[in-house]
Amino acid sequence: FSGPVWRHTRPRVLLPDGFLGGAACAPAAVRHLPLGGTGLTRLLPSISEFRNLQTLQLSHNYLSILPARLGMMSLTLDAAGNRIRRLPQQVTAAAFPAVNEIVISENSLAKWPLELDGFQPRLTSVNIAHNQILTLRTSDVSIDARTLLSLNLSSNGLVEVEEALLLGFVRRGLLQLDIAHNAITKLGVGAGLLRTVFVAGNPVRHIQWQTGILSHLSGSIFRQLPHLTEV
C-alpha cells in the first residue's frame, strides 16, 4: 500500500511490504515501529520479518490478539488501549527473545495472562493496569518473576491479592508494585515489605502485620490509606 491508500483502507492489516515498502524501509532495517492510533485491526504472522525492532508501539488500535511470534529484538512491546482478551498461547522466550517491558494496559483481560511466562527470562516490567482482573492468587500466576522489577495492576477492580503471592514477589526481588485504585479492603505483610508499593484509592480498612515487621515498613503506605481503621 502507498501512504494515501493506507489511510483510507478498512480494515487495516499490517503487511511487511505495505506502506513501509521500498528498499530504504525494508523490514529488517526498521528499528522503531510506531503504529499507535493507526486503526490496526490485525497483525499478520509475517510481521516477524521486522526482526530487528527495538520498539513496537501498537497502542490504541482495535487489536484483539497478538501473533504468537514477532521474531524481533524489541525491548518494549506496547499494546495498550486495544481489545486484547488474552495473549497468544504459543508464546515462548524464543519468539520474544529480548522483550524486557510489556504494556497491555487498557485492554479486556479478565485474569492474569499466564502466557507472560513465555516472555522470560528477560522480562523486567509488566503493566496490566486498567483491565478487568478481580483476584490475584498464587495459582493464577505462572511467571517466575525472578527478573521482574515493576508490576502495575492499578485500576482493575481487584478485590484480593493473595498474601502468599505478595511474599513470593518480595523473595524474588520485585521493587515496585502498583495496586492503586482497586477495591482491596485488606492487606498483609507482603505489601509492606516491598520497596515501593502504591495502594492509594483502595478502601483498605484492615492491615495485619506479622510480629516484628513494623520496623521495616515505609510510612508512606499508611498515608495512602485514609480509610484505615485497624492495624
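**A salt bridge and its surroundings**

Guide: The protein has four helices and 14 strands, both taken as DSSP runs numbered from the N terminus, with at least four residues of type H or I for a helix and at least two of type E for a strand. This is a predicted model, in which local features need pLDDT of at least 70 and side-chain atom pairs count only at pLDDT 80 or more, while totals for chains, interfaces and linings use all residues. Residues are numbered from 1 along each chain as its sequence is written, and side-chain values use heavy atoms, with hydrogens and water left out.

The mean pLDDT (the predictor's confidence in each residue, from 0 to 100) is 76, and 68% of the residues reach 70 or more. Residues 16–24 have pLDDT below 50, and this stretch has 17 contacts beyond near neighbours in sequence, a contact being heavy atoms within 4.5 Å. The pLDDT also stays under 50 over residues 211–218, for which the model has eight contacts beyond four places in sequence.

Of the 231 residues, 46% are buried; buried means under 20% relative accessible area, exposed means over 50%, and partly exposed lies in between, with a 1.4 Å probe and protein chains only. Among contacts with a separation of 6 or more, 48% join residues 24 or more positions apart.

An open sheet of eight strands runs in the order β2-β4-β5-β6-β7-β9-β11-β13, with parallel pairing, where two strands pair if DSSP finds at least two bridges between them. Its edge strands, each pairing on one side only, are β2 (32–34) and β13 (196–198). In the loop between β1 (12–14) and β2 lies P27, which counts as buried because its relative accessibility is 10%. The C-alpha atoms of P27 and E49, 22 residues apart along the chain, are separated by 5.9 Å.

The part to examine closely is the salt bridge, of which the structure holds one; the term requires a side-chain nitrogen of Lys or Arg within 4 Å of a carboxyl oxygen of Asp or Glu. R137 and E160 form it, with their closest N and O atoms 3.1 Å apart. The pair links distant parts of the chain, since R137 sits in the loop between β8 (135–136) and β9 (150–152), whereas E160 belongs to strand β10 (residues 160–161), 23 residues apart. R137 counts as partly exposed because its relative accessibility is 32%, and E160 counts as partly exposed because its value is 29%.

L136, which lies in strand β8, has a relative accessibility of 0% and therefore counts as buried. Leaving aside residues up to four places away in sequence, L136 touches W112, V141, L153, L158, E160, V161, E162 and L165. The C-alpha atoms of L136 and V159, 23 residues apart along the chain, are separated by 8.6 Å.
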